[in-house]
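Here's a quick briefing to read alongside the model. Have the sequence and the 3D view open as you go.

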Amino acid sequence: MRKNQITKIQFDIKQSSIKFISSIWFFPIILFLILCLFTLLKISGTSAGVNHQILYGPTSKDPALILGKPEPIRSDEWLVVTQMTIAQAKSNYPKVNSNLGLGEDMSVVPIAPYKEWSETFRPQDLAFFVMPLENAFAFKWWLMGYLLIVSCYFFVLTILPNKKLLAIGISTALFFSAFIQWWYVYSSLGSLYYSFFIATTIIMLMREKQRWKKITLSALLTFLLVCFALVFYPPFQIACGLVLLAFLVGYFIENYRSWAKNKTFKNIYFVGGSALISLLIFGVFLITHSGVIKTIEHTAYPGTRSIQSGGITSYHFLASHLGHQFLSDTANSQYLIDNKSPSNQSEASNFLLLAPFLFLPTLWLIYREYKQKKALDWPLIFLNIFFVVFLMELFVPGFTSVSKLLLLNKVGSSRVLLGMGLLNVMIIILFIRNLSKKTVVLNKYAIGAYCLLVLMVELIVSLHAHYSFGTFIGLRRAILFSLPLPIVIYLLLRMRFLLAISLYLIFSLFISIGVNPLYKGLGTLTNSPLNNAVQHVGTNSDKRWITDGGYLENVALMNGKHSLTGVYYYPQLGLWDTIPGVKKSDYNRYAHVAFQVSDDSASPTKLKLNSQDGFSVMSSDCSKYLQQEHVGFLISSAILHGACTTPIKTIPFPDVTLYIYAVH
């Protein structure tokens, strides 16, 4: 090969590399390669290591823990989602898992994979059918985060074309929001990323002129709408759906004249067709699962609850900049919301909110456009309206009569914050779009004065936390943590957008980087002496298992055994209504179910409601109830000497000794 040919090939490769790096696809592809690497190495962010701490002690080295520490309070993940995923894998992913009570329909439980047509619309689960469990679990973990980042990234580029670095910064900052990291489950992330994907797809569809592309985008929109519907967690869906609707209504008002001029207004029929088809598909799902759905609707928790507005303080709402303190269990225990300690860090977490401080500047921009008789930013107007609606829902107790028209009475304050997070990102993007117009010039002295006001607000909130909540935060940190957001606001108003978003991203990382660990595999839940013992006990028996509950509640399920204890996403009423003196309202709920077995034969069988999402059945080892429900095995941390229990296996761990009994 001649020298000039080699030079030409090298030049072509260099040009192709430059073109690829500068394309909008470079960032998503790099992220996907990282996702694949973590999948190959079986690394996720699960807090399953809590199980290791319980058995071996908090100071024992966990060989699977790579970085960080597991968070016990994230039990919705490590105790529910992760353990039910293992239980499904052990049973070959049935639609109805017959091992839990009388059988639990997993298709209405958006936490674990199952085999049915509707699983097509939960793509985060599909890897389980083609990959080993631990690889598929890692893939699902990072795919949810990947889709959140990528959905926001492309939404930013749709509103702010060619602003790739801004899109990277905003979307990555969203991923590292404290709320996202503490609520890292499908119901929260899926509600967000499908909202972004739906908005982006509709915008692209309304701009498109080629018929085949319109059909393709319409099919994609149908798929996304069904996916959003099958997230199946109304509190988060309602909060995000209202924000999405507000943006789209504003966007349609803003653009309908240009669409008419460009002859793309008729694309609205494709949007309507997608909505209709998705409703039909979702309707089929509702009809074919109507029995279970009706059961959920008529539960005491969460089905019939109606949540009153209010219940959150302005101090807490504006304290998102103090989120780093929630990484400390000691500091968190000192923090109060409405004079009550939060049940956990998830309930106390929030997004790093800029929207409260951009509200007045956005109103000024809208007023300026109105006075100059320019086209109004209707998406921003509608988002600001819903910002006020959300504030009323969060702070005003008497707003329920209005908010129930928007179904916000089914959401709850901590869930409203997910919608606030979506709204926060959209307002930041639209604010940048408005301020980027060359006709907009802000007075630097006015900017400085306004940012000093923002700093005063942040300082007041920080000092309130310092003086009111014991050792929650020291004075020095209270002052330092008050500085970043006013600086970000200042940089935004001075149109230093990239610098502002970079600082916003760094502060988001600082607040949340330690929430979830890096953890390899699931061996602590699938390959411990306890699991090995359960797998070998009662191999040829179809008798049911019961456990003390807590971290033991799903042990039998994770090993393919029939169990009465576990997480019941919806109640199986026939299991509990024969207990003497039981109240239906106590067991008619989503619940963690445990047993407390006594070796006192005179001990009566009764059901005790422990919390809104958990109850215990207390019984003697010889009770008729255990016989009636074909209980044959018990895992307990207590030593029993009853007439109806025989010890089979003792499993000693450094911090606890567990016993497996035969019940007869």
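Helix α2 gives the largest share of the nonpolar surface patch, 4 residues. Keep in mind that this is a predicted model.

**The nonpolar patch**
- The patch is made up of Phe 20, Ile 21, Ile 24, Trp 25, Ile 29, Ile 30, Leu 33 and Ile 34, and together they have about 700 Å² of accessible area.
- Two elements, α1 (3-21) and α2, each give two or more residues to the patch.
- Ile 24 sits in the loop between α1 and α2, and its 34% relative accessibility makes it partly exposed.

**Helix α6**
- Running over residues 164-175, α6 reaches 16 Å from its first C-alpha to its last, close to the 16 Å expected for its 12 residues.
- Mostly, α6 is covered, with 9 of its 12 residues buried.
- Among the buried ones are Leu 166, Ile 170, Leu 174 and Phe 175.
- What do the buried residues of α6 pack against? Their partners are α2 (26-41), α5 (133-159), α7 (178-182), α8 (186-207), α19 (413-435) and α23 (497-512).

**Ser 218**
- You'll find Ser 218 in helix α9 (residues 211-229).
- Its relative accessible area is 12%, so Ser 218 counts as buried.
- The side chains of Ser 218 and Ser 274 make a polar contact of 2.6 Å.
- Setting aside neighbours within four places in sequence, Ser 218 touches Leu 205, Phe 270 and Ser 274.

**Salt bridges**
- There are 8 salt bridges in the structure.
- Glu 134 pairs with Lys 42, their closest N and O atoms being 3.6 Å apart. This pair links distant parts of the chain, 92 residues apart: Glu 134 is in helix α5, while Lys 42 is in the loop between α2 and β1 (43-44).
- Glu 134 is partly exposed at 22% relative accessibility, and Lys 42 is partly exposed at 31%.
- Arg 415 bridges to Glu 347, with 3.3 Å between the closest N and O atoms. Arg 415 is in helix α19 and Glu 347 in helix α15 (residues 345-348), so parts 68 residues apart in sequence are tied together.
- Arg 415 counts as buried at 14% relative accessibility, whereas Glu 347 is partly exposed at 23%.
- Arg 433 and Asp 377 meet in a salt bridge of 3.0 Å, N to O. Arg 433 lies in helix α19 and Asp 377 in the loop between α16 (355-371) and α17 (378-395), so this pair ties together parts 56 residues apart in sequence.
- Asp 377 is buried, at 3% relative accessibility.
- Glu 254 joins Asp 377 and Arg 433 in a network of salt bridges.

Terms used: Residues numbered from 1 in each chain as written. Predicted model: local features only at pLDDT ≥ 70, side-chain atom pairs only at ≥ 80, totals over all residues. Heavy atoms only, no water. Expected span 1.5 Å × (residues − 1). Buried < 20%, exposed > 50% of the residue type's maximum accessible area, 1.4 Å probe, protein only. Contact = heavy atoms within 4.5 Å. Polar contact = N/O pair within 3.5 Å; in protein donor to acceptor, adjacent residues only side chain to side chain. Patch = residues over 30% accessible without salt bridge, like charges linked within 9 Å, V, L, I, M, F, W, Y side chains within 5 Å. Areas by Shrake-Rupley, 256 points an atom, 1.4 Å probe, with all protein chains shown as cover. Salt bridge = Lys/Arg side-chain N within 4 Å of Asp/Glu carboxyl O.
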